[in-house]
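Colleague: Can you walk me through this one? I have the sequence and the model open.

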Amino acid sequence: MKSIYDEIVYSKSKGQKLLAILIDPDKVSMASVAELSAAINSSPATHVLVGGSSFEGDFLNVLIHTLKKTLHLPILLFPGSATQISAEADGILFLSLVSGRNPDYLIEQQVQSVPLLNKTQLEVIPTAYILVESGSETAVARISKTQPLDRNNPAYILQTAQAGVYLGNKLIYLEAGSGAKLSVPTELIALVANNTTVPLVVGGGIRSAAEIKKAFDWGADMVVIGTAFENDNNFFNT
Ligand code: 1GP
């Protein structure tokens, strides 16, 4: 069986675009999980990400365990900290916030996560996580205490992405931040997509089918939708 990452690379090689729905455990109640799972199953999503900036606790295990009973898609952890790890998921985006200069999110949280991670069978996908300035302060910037990269300096953002790849990361995630005012500029998506070879994930502030298509057309291999789906579980059907 192919790993989740190999499937992502395969899809990229075939030009098949991927769509991930982000679930923030802070915003889900157990009473709504069945409905949520049904909405995801009837959407065009190919992956589910679970994580948030501030979430902590055992609820993560229960949530993912319950989701997996009915959800037919791979579930990847998208952790905001070393404690957001659950053996119930299929894999983890092992994020390094390479746009920031806070050692806590570059390496410390990662080191702290290893004892928990080693108790699981999770597929680990090393990911260069790059926060791009998006019009106002986002939760990622606030919690990580890092500055996003200047959206008007694409050369530096590309340099950062390439450094992330040279460090061994197997995915690049260009992030505007959840609920961002402005999503990642299309020219930036194209610049990074055309000058790197690893799969490119783009998310933050994408609120319509047209914007999803635009991100794909300009080179994103996977688009992540959080807030728009959170606000309306019928988002993909309208
Ligand atoms: C956040 O990129 C994701 O990490 C999704 O952002 O909530 O704005 O869709 P939104």
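Modeller: The chain has nine helices and eight strands, counted as DSSP runs numbered from the N terminus (helices are H or I with at least four residues, strands are E with at least two). This is a predicted model, where local features need pLDDT of at least 70, side-chain atom pairs count only at pLDDT 80 or more, and totals for chains, interfaces and linings use all residues. Residues are numbered from 1 along each chain as its sequence is written, and side-chain values use heavy atoms, with hydrogens and water left out.

Colleague: Which residues are closest to the ligand?

Modeller: Glu175, Ser178, Gly179, Gly205 and Thr227 are the closest of the 14 residues around the ligand, each with a heavy atom within 4 Å of it.

Colleague: Which strands supply at least two residues of that shell each?

Modeller: Strand E6 (171-175) and strand E8 (222-225).

Colleague: And by class, what is in the shell?

Modeller: Five nonpolar, eight polar and one charged. Ala, Val, Leu, Ile, Met, Phe, Trp, Tyr, Cys and Pro count as nonpolar, Asp, Glu, Lys and Arg as charged, and the others, Gly among them, as polar.

Colleague: What lies 3.0 Å from a ligand oxygen on the Tyr173 side chain?

Modeller: A polar atom of the Tyr173 side chain. On the backbone, a polar atom of Gly204 is 3.0 Å from a ligand oxygen, and an N or O atom of Gly226 is 2.8 Å from one.

Key. Polar contact = N/O pair within 3.5 Å; in protein donor to acceptor, adjacent residues only side chain to side chain.
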